[in-house]
Amino acid sequence: MKGIVLAGGTGSRLFPLTKITNKHLLPIFDKPMIYYPIQTLVDAGITDIMIVTGGRNSGDFLRLLANGKDFGLKHIAYTYQEGEGGIADALNLCEHFADGQDVCVVLGDNIIEKNIRGAADAFRSQKKGARILLKKVPDAERFGVAEFAGDRIVGIEEKPERPKSNYAVTGIYMYDATVFDKIRTCKPSRRNELEITDVNNAYVREGTMTWSLLDGWWTDAGTFDSLLRAANLVAQTRQLTEGAMELAGAVPV
């Protein structure tokens, strides 16, 4: 399985912080935002990774990440998204990179506490289809929301006024190679973007959509409030981890 981090867009909700840099290069506590989704993929055993970026600061990703040695990688691939065509449009740029293999897609501003290795291994055992990661939230109307019949997803609704469940679709998606065929059937939304919810619902209609619950906390970092929340959550988690190591007699590096 190959990994894809989507790190394009203009970051307009974080202006003026994004006036001179890409949102995904802003700091989350002690690391650039882009480090977290890359580490999510590496922790899931995925080491063949492509970064999709755009805008005027795309070259900064290469200067920061190079070939990924900070993550134990030998190579990182890059591609460029012109404009803002949506998540599915950005993913569509990676068809040549995927080369017929399964992909795990992580939005570049998604920060998680733990890892997705279990979900990735479950998807590896699937013969076809997709797997998305869900999280129970108190404000589901802010997200794409899964609708269930028993334990089966029967639909995904984007930012519904009356959510049919409390399970939000996080920004982590796993797809087989047919995802690119499904993207080609999508029509632009009212925002003139190709929506990832439409891609997910194509798998739902096909009967091949599965899901896993995301363990630990999860947040995006696309607004001032969520950027601060992400930094605080990372800092608190780091402090708790280091405190536990000290109690166990270990010395953190």
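Reader: Which residues touch the most other members of the largest nonpolar core?

Author: A nonpolar core is a set of buried Ala, Val, Leu, Ile, Met, Phe, Trp, Tyr and Cys residues joined through side-chain atoms within 4.5 Å, where buried means under 20% relative accessible area, exposed over 50%, and partly exposed in between, with a 1.4 Å probe and protein chains only. The general background is that in soluble globular proteins, nonpolar side chains tend to be buried together. In this structure, the largest core has 34 residues, and Ile34, Ile38, Ile49, Ile51, Leu65 and Ile116 touch the most other members. This is a predicted model, in which local features need pLDDT of at least 70 and side-chain atom pairs count only at pLDDT 80 or more, while totals for chains, interfaces and linings use all residues. Residues are numbered from 1 along each chain as its sequence is written, and side-chain values use heavy atoms, with hydrogens and water left out.

Reader: Which helices and strands each supply at least two residues of this core?

Author: Helices (H or I, at least four residues) and strands (E, at least two) are DSSP runs, numbered from the N terminus. At least two residues of the largest core come from each of strand E1 (2–7), helix H1 (35–43), strand E4 (49–53), helix H2 (58–65), strand E6 (103–107), helix H5 and strand E11 (167–175). H1 gives the largest share, four residues.

Reader: How many aromatic pairs does the structure hold?

Author: Rings of Phe, Tyr and Trp (its six-membered ring) pair if their centres lie within 6.5 Å, and planes under 30 degrees apart count as stacked, over 60 as edge-to-face and the rest as tilted. The structure holds six such pairs. One of them, between Phe143 and Trp218, is tilted, at 5.3 Å centre to centre and with 50 degrees between the planes. This pair links distant parts of the chain, for Phe143 is in the loop between E8 and strand E9 (144–149) and Trp218 is in strand E13 (residues 218–220), 75 residues apart. Both Phe143 and Trp218 are buried. The pair of Tyr175 and Tyr203 is stacked, because the ring centres are 5.5 Å apart and the planes meet at 15 degrees. Here too distant parts of the chain are linked, Tyr175 being in strand E11 and Tyr203 in helix H7 (residues 196–206), 28 residues apart. Ring pairs also link Phe148, Tyr167 and Trp211 into a cluster.

Reader: Which charged residue lies over the face of Tyr203?

Author: A charge sits over a ring if NZ of Lys or CZ of Arg is within 6 Å of the ring centre and within 35 degrees of the ring normal. Over the face of Tyr203 lies Lys182, at 4.3 Å from the ring centre, while Lys2 lies over the face of Phe97, at 4.8 Å from the ring centre.

Reader: Why is helix H7 described as largely enclosed by the rest of the structure?

Author: H7 is largely enclosed because eight of its eleven residues are buried. These buried residues are Ile196, Thr197, Val199, Asn200, Asn201, Ala202, Tyr203 and Val204, and they pack against helix H3 (87–92), E8, strand E10 (152–158), E11, helix H6 (179–185) and strand E12 (209–213). Arg205, which also lies in H7, counts as exposed, at 67% relative accessibility. After the helix comes Gly207, whose phi is positive, near 80 degrees.

Reader: How many disulfides does the count come to?

Author: A disulfide is a covalent bond between the sulfur atoms of two cysteines, and the rule used here asks for a pair of cysteine sulfur atoms within 2.5 Å. The count comes to zero disulfides. For Cys104 the closest cysteine sulfur, in Cys94, is 12 Å away, too far for a bond. Cys186 is in no disulfide either, as the nearest cysteine sulfur, that of Cys94, is 15 Å away. Cys104 is buried, with a relative accessible area of 0%, and Cys186 counts as buried at 14% relative accessibility.

Key:
Contact means heavy atoms within 4.5 Å.
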